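Please examine the sequence and the three-dimensional model shown here. The explanation below is meant for a reader who is new to this structure.

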Amino acid sequence: TELSCPGDEDDEDGFVIRLDDPALENRIENEPALWTQPEAITDGLIQGKFPEYSVQAGDHFRAAVGCLEGYERCQVIFQLKYQIGDGPVLDLGRWDEVYDETTTDVDVDLSSLAGQKVKFILMVKADGSPREDAAFWLVPHIHH
């Protein structure tokens with residue numbers, strides 16, 4: 001199902017919403033985050049595919065990931081994937097998260113993709129039964 005962006009918090013198909021001052025499981029932030037809520041089914045997921053980006057030597061994908069404050073039953077799998085042209089979708093990283101009052105800093109070296117035009121895909125999947133899977137990507141970006 002293709003979703004609108006921003007989405008609606010009540011959408012059972014999942015949604016993404018930009019939060020300007022997000023309340024994370026361990027702190028309040030003053031930088032933007034993407035609230036990515038998977039579809040409300042067992043192993044439901046949500047993904048966003050970004051426009052092509054020309055990767056340069058030294059580029060890194062960076063973000064912090066975790067669960068939003070108050071969603072104590074959150075248990076999700078974050079994945080960073082990529083696609084070149086119409087080729088296969090390939091994995092760059094995976095991070096399993098639960099509500100544990102810590103977040104994970106993600107830093108993926110993209111040097112192996114230097115010189116290529118790449119579509120990056122951010123995916124969040126419910127780990128098992130649908131719960132309060134309020135997952136966030138804090139300031140996801142490519143750093144050069």
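The following paragraphs go through the chain from its opening segment to its sheet and then to one loop.

The structure is a predicted model. Together with Asp8, Asp10, Asp11, Glu12 and Asp13, Glu9 forms a negative surface patch. The members of this patch carry over 30% relative accessible area and take part in no salt bridge, because these conditions are part of how such patches are defined.

The next topic is the sheet. An open sheet is built from 5 strands, and their order is β1-β2-β10-β5-β8. The pairing in this sheet is antiparallel. At its edges stand β1 and β8, the latter made of residues 104-109, and each of these two strands pairs on one side only. On average, and with direction ignored, neighbouring strands of the sheet are turned by 25 degrees against each other.

Which residue of β10 is the bridge partner of Ala33? The partner is Leu138.

The last stop is a loop. Between β2 and β3, the latter spanning residues 45-49, the loop contains Asp43. Although Asp43 is not a glycine, its phi is positive, at about 60 degrees.

Conventions. Residues numbered from 1 in each chain as written. Predicted model: local features only at pLDDT ≥ 70, side-chain atom pairs only at ≥ 80, totals over all residues. Heavy atoms only, no water. Patch = residues over 30% accessible without salt bridge, like charges linked within 9 Å, V, L, I, M, F, W, Y side chains within 5 Å. Areas by Shrake-Rupley, 256 points an atom, 1.4 Å probe, with all protein chains shown as cover. Salt bridge = Lys/Arg side-chain N within 4 Å of Asp/Glu carboxyl O. Lys, Arg positive; Asp, Glu negative; His and termini not counted. Charge placed at Lys NZ, Arg CZ, Asp CG, Glu CD. Pairing = 2+ DSSP bridges. Helix = DSSP H or I, 4+ residues; strand = E, 2+ residues; numbered from the N terminus. Axes fitted to C-alpha atoms, helices over the stretch in contact; angles between N-to-C directions.
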